[in-house]
Amino acid sequence: MKRNKIIEFFKDLALFLYALFALFPLVWLVIISFKHDRDMFTTTFIFNPTLENYKIIFSDGSFIGYFIDNLIVSSGAIALSVIVGVPAAYALARFNFKGRETIAFTFLSFRFAPEIFVVLPIFLIYQQIGLYDTYFGLIWVFQVLSLPLMIWILRGYFEDISVEMEHAARMDGYTWWQVFLKMIMPLIKPGLVASALLSLIFVWNNFTFSLLLAGQDVMTTTVAMVGYLSSDTVHYGQMAAAVLISALPIIILALAIQKHLVRGLSMGAVKG
Amino acid sequence: MADIRLENISKRFNNDIALNDVNIEVKDKEFFIIFGPAGAGKTTLLNVIAGIHMPNHGAVYLQDQYINHVEPEDRNIAMVFEDYALYPHLSVFDNIASPLRSPRYKKPEPEIKKEVERVAEILNIEWLLERSPDQLSNGQRQRVGLGRALVREPNVYLMDEPITHLDAKLRHQMRAELKEMQKSLDTTTIYVTHDYLEALSLGDRIAVINEGQIMQVGTPEEVYFFPENEFVAGSFGEPEINIFEGDIMTSEQVDFSPFFGQSAFGFLPKEKQQVLGNKGLQTIRIGLRPKDIHFQFEPVNSKEYIKGKVFSFEPLGAKAVLTVEINGKYIRITMKYNEDISINQDVYIKIDLNTAIYFDELGNNLLSQFSAKRRGMAWQN
Amino acid sequence: MAKLVLHQLKKIYAKKDEKVYAVKNLNLDCSDGEFVALLGPSGCGKSTTLRMIAGLEEITEGDILIGGRKVNDLHPKDRNIGLAFENYAMYPPLSVYDNISFNLRAGGVQKKEIKQRINKIAELLDIQDLLDFKPGMLSGGQKQRVNIARALIREPEVLLLDEPLSHLDGKVRQKMRTEIKHLHTEINSTTIIVTHDQLEAMALADRIAIIKEGELQQFGTPYEVFNHPQNEFVAGFIGEPPMNIMEVLTIRNKGRLFFKTKNNVISFPVPDNYVQYVRENETYHFGIRPTDISVVEGEDFSVETNVSIFENLGEECRVHIRLEEQTMFSIVSSELLNLKQGDPVKLKFEQHRIHIFHPSSGERIENVLQEV
C-alpha cells in the first residue's frame, strides 16, 4: 500500500513537470503582453504590468479588421468543406463505384504536399484569374486543407451506420432527404463537429497561404502579426497581445467542445 | 387486398447473379416463407419487393399494380430487419413511433402514443419504452424491430430472418409467439429464413430458393413429404435426409450394391412399381429420413439387411443420432436415447422403400405428382 | 494417455477492492481416455478453466494434475497437452503441412519422423489432399480439421478443444460433430471440450461438467444430466426445447396430495416416489420435459386444456399451451398430430419423469432430502 502511494506521488510529479514545460511558452506570452517594450529584456517576472500593448492594438481598429477577415475566410472555408465534404464522404462510404479508393486517396493526398510547394503555382494562377487578395481566393485554397480531413473522418462515420437502418427509415415512410437529415445527420454529428473544429484550427492558424495569396485587401491575423516586426525595432509586447487575442477564439472553442472532440475523433457513429 | 406477383425477376450485382428468373405469386393475407441457405438470394428478393433494389429484369406487381419504379416509402410496406436496424439515437418509444411521424403515414401525437402503447403491450416491451436501443438485449431489440413494423397497417409485412440472432431457447419461444400473433396480423407477410423449423412452423406456403433460383414453391407438407428435388429434400430435417443409390433389377427390386458394396435388396411398394418401371430407369436415388430407417444390433441373416459399423453415437436429450458407416458411406439414423451403444460395434440396417422418396440421377423427384395424391396427409397449421 | 485431475481449482481476479471468482473450488476427475465437456453460458469460467489447464492462465489456488504429475508451474509446452484454438490461430503464410509441423520442427524432431507423423494424422482427419494448401484456401470445416491435427501432432496426453464448432454453420457443424466423436474413439486420449451449446456437449462427451458463475453445478453423463438434473439451472440449460418449469402449490384433496398451478390449469397427483419428500401447502417448482408429455385420447390423462399454438415440424410436432400471460409450456411429440389453435387436448404427464425443485435454492427435492 505504502509503495503504491510513493509511485503515485512520482507519477504526479512527472506530470506536473511536463505540464510546466509544455505550458511555459504560453505563460511567457501572457507575461510579455503586459510588459512595456523597455522592460522586455531587463526583467523576468517582476515588472510593472501595463495594458499599453492592448491599447495600441485596438486603437487604430485595423487589428479588428484583420480579425474579421480571418473569421470570414476560416468560416467560409469550413462551410464550403461541410457542404462538399458531407455528400462526398457519404458517396465514398455507400456507393461502390469504379475508382472509389483512388478518389478517396486523391482527396487525402491534398494534405501530403507542403504548402510552400504548391503556393507558387497557385499564386500565378490566382494572379491570372483575379482571385489574388480576395476572400473567395483564400476560402478556396483553405478548403483544400480542411476538406480531406472532413471526408476521411466522416466516411468512417457513414460506414458505421448500417445500410439497413437507412432502408428501415425509407420503409417507415421517409424520403431519402428526410432520412438523411433526421436519421443520419444526428448520428454523424460528433464526427462533423470534431472534424470541423480541427479543420478550423488548421485554417485559422495558417500562415503561408494567407501571406502569399493575400495581403492588402484581405489580411488575416497571422499575417498581420508580421507587421509588428518593423525595420528598426520589434514590438514584442504588441505582438504577444495580438497573438493571444487571435488565439483566444480557438482556445475557447476547443475547451468548450473538448469532450466532443476526443469522442468524435475516436469513436464511430453507432455505440455498442 | 394485397397480393404480390413477381414476374421473371433477375438481379445482378456487378457480375454476380443474385436472382435468376424468379416467379412468385403471394396471395392476399398469406404467410409466405422464402427459405434457403446463406447467400441464396433471399434478402435480395425481399429488397426487390421493398423497393430498395431495382431488379435488372422483370416486374413487381402489388395488387396488380406495376410498382418497379415506386419508391420504398410510397409502397406502404413494413419491414423487420435481421440486424434490427433500429435508430440508435432514438428511444424505444421513438423508434416504434417513427413510421407514424413520417410525412407519409403521419398521425397526431396522442394517437401515436396510443398506438405505440398498444403494440408495446402485444410485444411485452411496455417497460422498455424509455430506454435506448443499446441498453437492450438482442431479443428485446428484435421485439422493438417488430413493433416498428406492427405499429402501422401496411399492405405487406416483410420479415428478414427476424429471430436468427437469438439463442436456441429464445428462438423456440419467439417462434411460438410469432405463430400466435400470426392470426391477428391478418396481412400478407413475406418471411425470410434459413431455419427449416421456422419455415415449416410458420408458413402457409414456402418458396425454397438456392443460388438465386426457385427450387420449389409449396405448402409445408409438400416441401417436406414431396420435395421436387434432392436439394429441397436435404434442406428440411435434421439430421439431413439420407440418399442411397441403387440399381433397379426388375421392376420390383432395387439392389443397393452400387452404394454399399454389398448386395442387399429392397422391394418397391406395389403402387410405385409400375410408375418407376415405365420410366425405363437403370439406377435410382432413394431418399430416406433418418427416423425411417430400421436398424438392429443382433445379427440377422437376410438379404434385406446390410451390415455396418457404428461410426458415432450422439445423444441429444430425448433422442439420439446414430451414424452408421458402410463401405465408406455414412447413414444417419435418429432413435430414442435409451441404450448404450459403443462405437465400432456392428449394426444391421434395413432399407424400407415404403417411406422413401425417389430421385433420378440428376436429383429430381420421380414421383412428386404421384405421391402427393397418394399420401393424403393432413398438415394443419 | 493420462488422467486429468482438477483439485480445488480457483481463479480470482482482483477488481478494485473486491475479489471476483472466475472459477470457484472446481473439482473434476477425468479418467484416462474420457471425453469431458465443460458446459455453461458465456462468462461462466469454462474457458478460464481450459486456459488454466493449458497453462495460458495462472492458477490462483488449487492443483492441476496430469497423469498424477502436478503441472501448476510447468510451461505450456512441457505439460504434454494439445490445444485447438477456437479461431484456428493458424499461420497464414505457411502451408497446412508447415502449420501442423511447426512445433515439431521447433522441437527439433527429425524431418523423416515429422513426415511420418503428419501422414498418420492427416489420414486420421482426412486432410491428406490439403497439406500443400495455404490456410486462406480452406473452408471452415477443413480449417477446423487442420486445427485439430495440429493439436494432435505432438501426441498429447490431454487434448483440449475450445469451442471447436462455433464458427461452422449448419450441416458442416453437424458433420464435424460426428467426426470429432468418432475421432475420439480412434485416438482415445483424454479430451476436454469447452462449449456453450448443450447439444454439442450431450452429443460428444462421456461426462459433462455444467458450470455457472464459476461453480460446478453437476458433473455427470449425458443421461444423468438430462434425466436427473441436480438443480433448476441444469434442468433449464440442458434440453431443447427447454424443460417446462412451473410454480405449483401442494394441496390435499380427498386424502391425496396434488400439485396445482395458480390458475388451476394443471392439477397433478404427487407421484408415490415424491410423496415422502414434499409437504402440504408449500410452493415448489415443477418441471417436466416437453418430450415427457403426450397427447392422449380416453380417460387416462393428467390435464385437459386447449391448444394455444400448434407447430408441425416434419419430424415432430410441438404443442404450446399458454398458462399465463408470460408462461407457456410445450409438448413435443414424434407422432404426427393434427391439431389447431383452440382445439381441446388431453395431456398425459409421464409419472416418473417429473422433476421437483426447491423454489428458492433451485435444488432438486429428492436429493436434498436424501442427504438429510
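Colleague: Let's start with a helix. Where in H6(A) does the kink lie?

Modeller: Keep in mind that this is a predicted model. The kink sits at A:Val144, shortly before the proline A:Pro148, and comes to about 35°.

Colleague: Okay, on to confidence. Where is it lowest and where is it highest in chain C?

Modeller: Here's the general idea: where pLDDT is low, the predicted coordinates should not be read in detail. In chain C, helix H10 (residues 365–371) has the lowest confidence, with a mean of 62. Strand S3 (residues 35–39) of chain C has the highest, at 96. Over the whole of chain C the average pLDDT is 89, and 98% of the residues score at least 70. For the complex, the predictor gives an ipTM of 0.89 and a pTM of 0.87.

Colleague: What does chain C look like overall, in helices and strands?

Modeller: Count the elements and you get 10 helices and 21 strands. The C-alpha trace of chain C spans about 80 × 50 × 35 Å along its principal axes. Of the 372 residues in chain C, 41% are buried. Now take the contacts in chain C with a separation of 6 or more: 65% of them join residues 24 or more positions apart.

Colleague: Which domains is chain C divided into?

Modeller: Domain 1 covers 4–237, and domain 2 covers 244–371. Their C-alpha centres lie 38 Å apart. Where they meet, 7 residues of domain 1 of chain C are in contact with 9 residues of domain 2 of chain C. On the domain 1 side, that's 3 nonpolar, 3 polar and 1 charged.

Colleague: And between chains? Which pair has the most contacts?

Modeller: Of the 2 pairs of chains that touch, chains B and C have the most contacts. That contact takes 32 residues from chain C and 31 residues from chain B. On the chain C side, H5(C) gives the most, with 7 residues. By class, the chain C side has 12 nonpolar, 12 polar and 8 charged residues.

Colleague: How many residues does the contact of chain B with chain A take?

Modeller: It takes 20 residues from chain B and 18 residues from chain A. S6(B) gives the largest share of the chain B side, 3 residues. That side of chain B has 13 nonpolar, 3 polar and 4 charged residues. As for chain A and chain C, they do not touch, and their nearest C-alpha atoms are 12 Å apart.

Colleague: One last residue. Why does B:Ile286 count as buried?

Modeller: B:Ile286 has 21 C-beta neighbours inside 10 Å, so it counts as buried. You'll find B:Ile286 in strand S14 (residues 283–288) of chain B. Leaving aside neighbours within four places in sequence, B:Ile286 has contacts that include B:Ile243, B:Phe244 and B:Leu353. Compare B:Phe226, which is 60 residues from B:Ile286 in sequence and 13 Å away in space, C-alpha to C-alpha.

Technical notes
Residues are numbered from 1 along each chain as its sequence is written. Chains are lettered from A and ligands numbered from 1 in the order in which they are written. This is a predicted model: local features need pLDDT of at least 70, side-chain atom pairs count only at pLDDT 80 or more; totals for chains, interfaces and linings use all residues. pLDDT is the predictor's confidence in each residue, from 0 to 100. Helices (H or I, at least four residues) and strands (E, at least two) are DSSP runs, numbered from the N terminus. Ala, Val, Leu, Ile, Met, Phe, Trp, Tyr, Cys and Pro count as nonpolar, Asp, Glu, Lys and Arg as charged, and the others, Gly among them, as polar. The bend at a residue is the angle between axes fitted to the seven residues ending there and the seven starting there. Domain bounds come from an automatic or database domain assignment. A residue is buried if 20 or more other C-beta atoms lie within 10 Å of its own, exposed if 12 or fewer, and partly exposed in between; C-beta atoms are placed from the backbone.
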